[in-house]
Amino acid sequence: MTSTFLPDKRTGPDAGLPPPAADRARSRARRRALNWLTATGFQLPALVLFMGLVLLPMLFALYAAFFRWGGFGMPSDYIGGENFTRLFQDEVFLGDLWRCLVLVVLSLVLQLPFALAMAVLLNQRMRGRAVYRMLFFAPYVLSEAITGVLFGMIFAPDDGFADQLLGRIGLEGLGGEWFADPSTVMATLFLVMTWKYFGFHMMLYLAGLQAVPKELTEAALIDGAGPWQRFRSVTLPLLAPTLRISVFLSVIGAIQLFDLVWVTTAGGPDHHSETMAVTMFQYGFKRYQVGYASAISVVMFGISLVFALVYQRFVLRRDLEGATTTMRGDGK
Amino acid sequence: MGDPALSRRGFLAASAAAGLGTTALTACGGDSDGGSSGTTTIEWWNISTTEPAKSVWAALARKFEAQNPKVKIKIVQQENDAYKSKMTALTSSGKLPDIFHTWGGGVLKQQVDAGLVEDLTDSTKPWGDALLPVAREPYLFDDKVYGIPFDIGMIGFWYNKALFEKAGISAPPTTWTGFLDAVRKLKSADVTPLALAGKEKWPGMYYWAYLAMRTAGADALQKAYDDKDFTGAPFVEAGEHLDELVGLQPFQKGFLGAAYSTPTGQAAAVGNGKAAMELMGQWAPVVQADAGKGLGKDLGFFPFPAVEGGKGAITEVFGGGGGHALRRGAPQAAVDFLKFFASEATDLELVKKTGVLPVVPAAESAIADPNIKAVQEQLKKTTGFQLYLDQAYAPAVGQEVNDSVAALIAGSKSPGQVAQSITRTAKEEQ
């Protein structure tokens with residue numbers, strides 16, 4: 001529409017001479033630029049916030065990881081990759097990585113199957129189903145700090161609820177020092193994590209189960225499939241997208257675990273329950289070795305990023321089809 | 001638009017930024033102006049955010065204003081940890097408040113070295129020199145005075161007299177061998193000898209620090225920090241002595257996970273009569289009664305025993321208190337206020353109402369509690385002094401001491417390894 005009057009506005013010897021094709025191309029370019037400008041204008045406030053409060057601090061942490069820096073003033077003591085070499089010789093940090101792996105494996109092998117079993121159970125018709133669902137989901141709503149304080153009291157050696165209860169029912173042998181014993185602290189921690197998070201995964205699975213069409217299980221029933229076969233060959237494959245998301249959330253959660261550990265054990269006894277985030281906090285906010293703490297956070301970020309990318313690329317690929325913006329199908 | 005995840009994150013980020021912004025803004029409030037009509041306003045930064053100290057201090061400021069009509073006192077109060085980080089920021093910006101709270105030691109020394117703190121040596125003569133010598137210690141550098149104390153305290157053993165009697169211990173031990181004997185007696189009488197908050201690490205550090213003072217002498221900890229070398233034989237020996245104690249399994253069940261002031265923690269274990277002793281500062285009786293039942297008349301205090309053959313004496317004290325320093329160039333009114341705050345009348349009031357230990361010798365009469373009196377007796381006899389390590393050392397070194405000693409107590413580090421890790425961290429800093 002602009003092409004009709006644009007040439008007229010131009011003055012000079014070549015006025016009106018350019019071929020119409022080039023003219024149209026130019027106006028299209030102009031329109032596209034205008035669109036782009038409008039879009040940018042609308043995005044700018046969010047973009048500025050995102051850059052200033054998310055992206056820049058992240059980049060700054062990456063920068064600070066190459067300095068010996070106490071957190072005040074600007075970093076000036078450049079030490080190259082020393083923080084990183086120190087990190088991978090640090091027994092505590094290597095222990096963090098190991099404990100992270102242990103938690104991930106335990107979550108995948110015990111916590112999620114348990115949540116799935118509960119979900120299948122509560123998907124049946126039964127009296128008080130809603131009450132059970134609510135009860136199992138309730139711990140997830142509780143804040144991590146409150147959960148930590150609560151279980152710190154429950155698992156207090158001797159005086160705590162756990163030891164008292166076990167004593168009353170004649171199972172003193174099962175009691176112990178829970179969080180206070182280096183050999184049981186991780187198991188206790190995992191128990192609390194499971195108590196807190198299985199309800200969330202159960203809810204995810206329940207939602208997934210609702211979406212499994214009844215006709216399919218009925219058809220399988222008519223074909224003579226037993227309950228296990230129906231679950232294994234009909235329900236489970238259809239639940240796969242939910243499972244994949246739940247695994248993803250669980251792994252990322254284990255990598256970033258902080259609050260629960262900080263409140264219950266602060267990483268102790270003697271670092272036996274320390275996680276990467278706890279180590280980072282210790283160095284950043286207790287020792288004021290912010291450069292070193294930044295290096296830890298960079299490695300944590302790296303691990304999360306690599307896991308997220310690999311997982312999305314190879315596992316979530318089908319689920320995310322169409323949900324994310326890709327370069328394909330972008331038009332010309 | 002319409003991405004709820006993004007906008008939520010943006011909101012969180014924005015609120016975080018708002019928090020930071022407030023800090024930045026309030027951080028600029030370190031100035032004082034000589035107001036109009038000849039009135040001087042002085043800013044007084046302190047950490048007395050809890051009652052009764054909060055209102056007692058405010059009333060004292062009003063009293064000073066009444067006596068000095070041309071001076072206005074503006075009180076700025078911060079909670080302990082917030083104050084520490086605020087002061088670190090202010091120190092690097094080079095602007096300190098007129099009167100500010102200080103624990104002395106390394107942090108104050110840093111501020112002095114940066115030329116930010118007023119030298120009070122001459123302006124506080126003679127009243128400043130008359131204060132309790134051990135209380136003045138943390139604020140003296142090269143015989144110059146950089147701060148005036150209002151409180152002083154020390155770490156020592158708090159014990160249950162009834163449980164000691166039950167175990168057949170007639171008098172508190174004065175030597176390390178005697179102490180280990182007492183621990184053995186308590187154990188055989190089926191009493192848990194010691195309560196320890198293993199989760200918090202710092203209470204365990206007290207044992208190592210005191211043992212190092214007893215084996216290497218009172219000045220050794222500061223010297224080792226300055227030389228960045230903790231590998232000397234007396235430091236390893238200190239660890240070995242602690243190892244001897246740990247070998248007797250003297251601590252309460254689950255001590256590695258215990259906190260200090262919670263209902264199942266160290267103080268409660270002693271306060272409820274479940275453990276016979278704890279190594280803690282002069283605040284211990286209050287926390288014991290708060291977290292547990294409290295021992296009342298059964299509670300006693302004795303200083304950390306001497307180690308046979310060591311360079312240190314039983315009269316050397318590990319402790320610290322609180323004081324005030326002035327920014328360089330602070331008005332004369334600020335010095336006047338320090339004098340007022342360290343006067344006998346003020347100190348009597350502080351001791352009576354806020355439970356601090358007297359820094360003015362004459363104010364001692366105001367102490368009613370026999371346990372606090374016992375601490376005061378020790379403080380008066382002091383022949384050497386080491387300030388709390390978290391004030392004397394850079395944070396990383398202090399934390400490393402806590403961490404390595406905790407590892408020693410948990411059995412994962414040898415005394416030699418403790419000395420080495422502390423040395424390594426000390427060398428990394430600066």
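A residue is called buried here if 20 or more other C-beta atoms lie within 10 Å of its own, with C-beta atoms placed from the backbone. Keep that cut-off in mind while touring this predicted model, since by this count 27% of the 332 residues of chain A are buried.

**Chain A as a whole.** Select chain A and colour by secondary structure, and you will find 14 helices and 2 strands. The radius of gyration of chain A is 28 Å, well over the 20 Å that the globule rule gives for 332 residues, so the chain is more spread out than a compact globule. Viewed along its principal axes, the C-alpha trace of chain A spans about 105 × 70 × 30 Å. Among the contacts in chain A that link residues at least 6 apart in sequence, 64% are between residues at least 24 apart.

**Where chain A meets chain B.** Next, show both chains and select the residues in contact across them, which number 23 in chain A and 23 in chain B. Helix α2 of chain A, residues 20–64, gives the largest share of chain A's side, with 5 residues. Coloured by class, that side of chain A shows 13 nonpolar, 4 polar and 6 charged residues.

**A:E177.** Now centre on A:E177, which sits in the loop between α7 (161–168) and α8 (185–210) of chain A. Is this residue buried or exposed? A:E177 counts as buried because it has 24 C-beta neighbours inside 10 Å. Leaving aside residues up to four places away in sequence, A:E177 touches A:P157 and A:T184 in its own chain, and B:K253, B:G254 and B:G257 in chain B. A distance drawn between the C-alpha atoms of A:E177 and A:P157 reads 4.9 Å, although the two are 20 residues apart along the chain.

**Helix α4 of chain B.** Move to residues 105–113 of chain B, helix α4, and select its buried residues, which are B:G105, B:G106, B:V107, B:L108, B:Q111 and B:V112. These pack against several elements of chain B, among them α3 (80–93), β3 (99–102) and β11 (316–326). Following α4(B) comes B:G115, whose phi is positive, near 75°.

**A strand pair in chain B.** Finally, select β7 (residues 156–160) and β10 of chain B, which run antiparallel and are joined by 4 bridges. Within this pair, B:F157 stands opposite B:F302 of β10(B). Strand β10, residues 299–302, has a covered face made of B:L299 and B:F301, whereas B:G300 and B:F302 make up its uncovered face.

Notes. Residues are numbered from 1 along each chain as its sequence is written. Chains are lettered from A and ligands numbered from 1 in the order in which they are written. This is a predicted model: local features need pLDDT of at least 70, side-chain atom pairs count only at pLDDT 80 or more; totals for chains, interfaces and linings use all residues. The radius of gyration is taken over C-alpha atoms; the globule rule is 2.2 Å times the number of residues to the power 0.38. A residue is buried if 20 or more other C-beta atoms lie within 10 Å of its own, exposed if 12 or fewer, and partly exposed in between; C-beta atoms are placed from the backbone. Two residues are in contact if their C-beta atoms, placed from the backbone, lie within 7 Å. Two strands pair if DSSP finds at least two bridges between them. Ala, Val, Leu, Ile, Met, Phe, Trp, Tyr, Cys and Pro count as nonpolar, Asp, Glu, Lys and Arg as charged, and the others, Gly among them, as polar.
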